[in-house]
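I opened a new model today and wanted to get my bearings. These are my notes, in the order I looked things up.

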Amino acid sequence: GIMGICFAGGLGLSVSTRPSLEDHIAYVFTFGAHADIDRTMEYLVTGTLPDGTKLQAHPYGQIILLRQFCDQIVPKEDVVLMRECLLDLLYGGDKVYPEKVKRLSETSQSYYNMATEWHTDELGKVLAPFVKKFSSPAALSPIRQPSPSFPVYALHGSVDNVVPPSE
């Protein structure tokens with residue numbers, strides 16, 4: 001069996017349907033997994049669910065997107081350091097080094113602060129143009145894979161604001 005939480009749950013389900021794994025997977029259990037990575041990324045920058053309702057996106061997902069698109073958003077001389085600072089933030093508050101963050105330009109510090117201060121609407125607007133023009137490989141989305149021939153057990157919170165419950 002394969003078990004995965006959050007994005008790893010969706011990726012595990014995607015991988016499990018590969019023809020080379022046929023007859024090798026008994027089940028997949030996911031907790032808070034995505035079905036479509038592009039739709040999830042769209043939610044993370046807008047806070048809007050497919051039915052039009054709003055659920056404030058958690059900055060965790062936006063931090064991941066900011067790391068991904070960092071080279072297109074922050075000044076070139078800040079890219080490496082910004083990615084380090086964001087990774088420190090993802091590892092947890094005790095891993096954040098303020099002296100490192102202070103070495104970033106004012107522009108980069110403003111994006112970093114948007115994430116740490118939960119200004120998700122504001123940071124979402126910065127990230128949205130990059131998410132809109134990005135198209136992920138089909139292999140990253142379980143919904144774009146063949147239907148599995150084994151049981152799938154999915155559990156998802158009704159107010160999950162990293163991978164929305166609509167997934």
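I started with the strands. I found strand 1 (residues 2–5) paired with strand 2 (residues 28–31) in the parallel sense, over 4 bridges. I keep in mind that this is a predicted model. I then looked up I5 and found its bridge partner in strand 2, which is F31. Next I followed the chain between the two strands. From strand 1 the chain passes through helix 1 (residues 7–16) and on to strand 2. I noted this β-α-β crossover as right-handed.

My next stop was L55. I placed L55 in the loop between helix 2 (37–46) and helix 3 (59–68). What does L55 touch, leaving aside residues up to four places away in sequence? I listed Y43, G47, L49, V159, D160, N161 and P165. I also checked L55 against F134. The two are 79 residues apart in sequence, and their C-alpha atoms are 22 Å apart in space.

Then I turned to helix 7 (residues 106–116). Which residues of helix 7 are buried? I wrote down S108, Y111, Y112, M114 and A115. Looking down the axis of helix 7, I saw that its buried residues fall within an arc of 155°, so they line one face of the helix. I asked what the buried residues of helix 7 pack against. My list has helix 3, helix 4 (70–73), helix 5 (79–91), helix 6 (98–101) and helix 8 (120–133).

W118 follows helix 7, and its phi is positive, near 60°.

Conventions:
Residues numbered from 1 in each chain as written. Predicted model: local features only at pLDDT ≥ 70, side-chain atom pairs only at ≥ 80, totals over all residues. Heavy atoms only, no water. Pairing = 2+ DSSP bridges. Right-handed = clockwise from strand over helix to strand, strands pointing away. Contact = heavy atoms within 4.5 Å. Buried < 20%, exposed > 50% of the residue type's maximum accessible area, 1.4 Å probe, protein only. Arc of directions from axis to C-beta.
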